[in-house]
Amino acid sequence: MRVEIAAVPLSEKSELWTYFQSYCAELMAYGNFAPVNGVFEYKWFDHYWLEPDRFPFWAIADGRRAAFALVHQGPHTEMAEFYSFPEFRRSGVALEFARQILKRFPGPWEISEYRANVGAVAFWHRVITEYPFQEREYIGQEGKERLSQTFTVP
């Protein structure tokens with residue numbers, strides 16, 4: 001399946017927000033957060049269309065949206081959020097999408113996951129297998145165990 005990266009235009013922001021809500025609902029199992037009046041809050045969401053160091057992307061597979069990624073550049077590039085839509089999981093689309101994003105932003109990177117989300121941990125280890133990385137455990141702001149991988153994309 002061919003995978004392409006497409007920037008999420010402002011006109012598709014509300015569609016991304018809908019997918020983002022599904023993503024947050026899945027993450028509830030790992031973090032200490034819940035929706036407020038049925039909506040998950042994310043203070044950085046609007047910033048992805050306002051700030052030059054934030055990038056919202058779709059994965060397009062065979063003409064269909066298959067995943068999204070929110071990338072933030074700072075001293076290192078951070079995969080702030082990443083979500084593969086359930087119907088595309090285990091198809092290789094998310095793996096290819098993630099690898100394409102990494103190559104688009106050469107330099108230092110950081111990725112983090114909830115420690116208990118073993119599927120995400122295994123996925124990111126597969127994504128970054130070609131890069132030597134350092135991994136550390138820490139307690140996130142929500143009091144949950146997390147893992148962080150730092151590496152450099154040439």
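**Figure 1. Contacts of Leu102 in the predicted model.** In this predicted model, Leu102 is in contact with Trp109, Ile111, Val127, Ile128, Tyr131, Phe151 and Val153, leaving aside its neighbours within four places in sequence. Leu102 is also one of the residues with the most contacts inside the largest nonpolar core. That core has 47 residues. Phe68, Met79, Phe82, Phe97, Ile101 and Trp109 are listed together with Leu102 as having the most contacts there.

Figure 2. Helix 2 has 12 residues and spans residues 93-104. From its first C-alpha to its last, helix 2 reaches 17 Å, close to the 16 Å expected at 1.5 Å a residue. The buried residues shown here are Val93, Ala94, Phe97, Ala98, Ile101 and Leu102. Around the axis they cover an arc of only 165°, so they are placed on the same side of helix 2. Among them, Phe97, Ile101 and Leu102 belong to the residues with the most contacts inside the largest nonpolar core.

**Figure 3. Helix 1 and the strands that cover it.** Helix 1 runs through residues 13-27. This helix has 15 residues and reaches 21 Å between its first and last C-alpha atoms, close to the 21 Å expected at 1.5 Å a residue. Leu16, Phe20, Gln21, Tyr23, Cys24 and Leu27 are buried in helix 1. These buried residues fall within an arc of 165° when seen down the helix axis, and therefore line one face of helix 1. Strand 2, strand 3 (64-73), strand 4 (77-84) and strand 5 (107-114) are included in what covers them. On the face of helix 1 turned away from the buried side are the exposed residues Ser14 and Thr18.

**Figure 4. Helix 3 and its surroundings.** Helix 3 comprises residues 118-127. Its buried residues are Ala120, Val121, Phe123, Trp124 and Val127. Seen down the axis of helix 3, they fall within an arc of 165°, so one face of the helix is lined by them. Strand 4, helix 2, strand 5 and strand 7 are among the elements that cover the buried residues of helix 3. Val127 is also a contact of Leu102.

**Figure 5. The largest pocket and its lining.** The volume of the largest pocket is about 1,700 Å³. The pocket is lined by 49 residues, of which Tyr23, Leu27, Ala80, Glu81 and Ser112 are the closest to its centre. At least two residues of the lining are supplied by each of helix 1, strand 4, helix 2, strand 5 and helix 3. Strand 4 gives the most, with 7 residues.

Figure 6. With a relative accessible area of 34%, Pro35 is partly exposed. Not counting residues up to four places away in sequence, Pro35 touches Met28 and Phe40. Asp53 counts as partly exposed, at 26% relative accessibility. When residues up to four places away in sequence are not counted, Asp53 touches Val71, His72 and Gln73. Asp53 and Gln73 are 20 residues apart along the chain, and their C-alpha atoms are separated by 5.1 Å.

Figure 7. Asp62 lies in the loop between strand 2 and strand 3. Phi of Asp62 is near 50°, a positive value in a residue other than glycine. Asp62 counts as exposed, at 54% relative accessibility. Arg90 is found in the loop between strand 4 and helix 2. Although Arg90 is not a glycine, its phi is positive, at about 65°. Arg90 counts as exposed, at 85% relative accessibility.

**Figure 8. Gln141 in the loop between strand 6 and strand 7.** The loop that holds Gln141 lies between strand 6 (133-139) and strand 7 (145-153). At 87% relative accessibility, Gln141 counts as exposed. Gln141 and Ala25 are 116 residues apart in sequence, and their C-alpha atoms are 18 Å apart in space.

Definitions and conventions. Residues are numbered from 1 along each chain as its sequence is written. This is a predicted model: local features need pLDDT of at least 70, side-chain atom pairs count only at pLDDT 80 or more; totals for chains, interfaces and linings use all residues. Side-chain values use heavy atoms; hydrogens and water are left out. Helices (H or I, at least four residues) and strands (E, at least two) are DSSP runs, numbered from the N terminus. Buried means under 20% relative accessible area, exposed over 50%, partly exposed in between (1.4 Å probe, protein chains only). Contact means heavy atoms within 4.5 Å. The expected span of a helix is 1.5 Å times one less than its number of residues. The arc is that of the directions from the helix axis to the C-beta atoms. A nonpolar core is a set of buried Ala, Val, Leu, Ile, Met, Phe, Trp, Tyr and Cys residues joined through side-chain atoms within 4.5 Å. On a 1 Å grid over the protein atoms alone, a cavity is a set of points where a 1.4 Å probe fits but cannot get out, and a pocket is an open set with protein on both sides within 12 Å along at least five of seven lines; lining residues have an atom within 4 Å of a point. Grid points are joined across faces, edges and corners, and a volume is the space filled by probe spheres set on the points.
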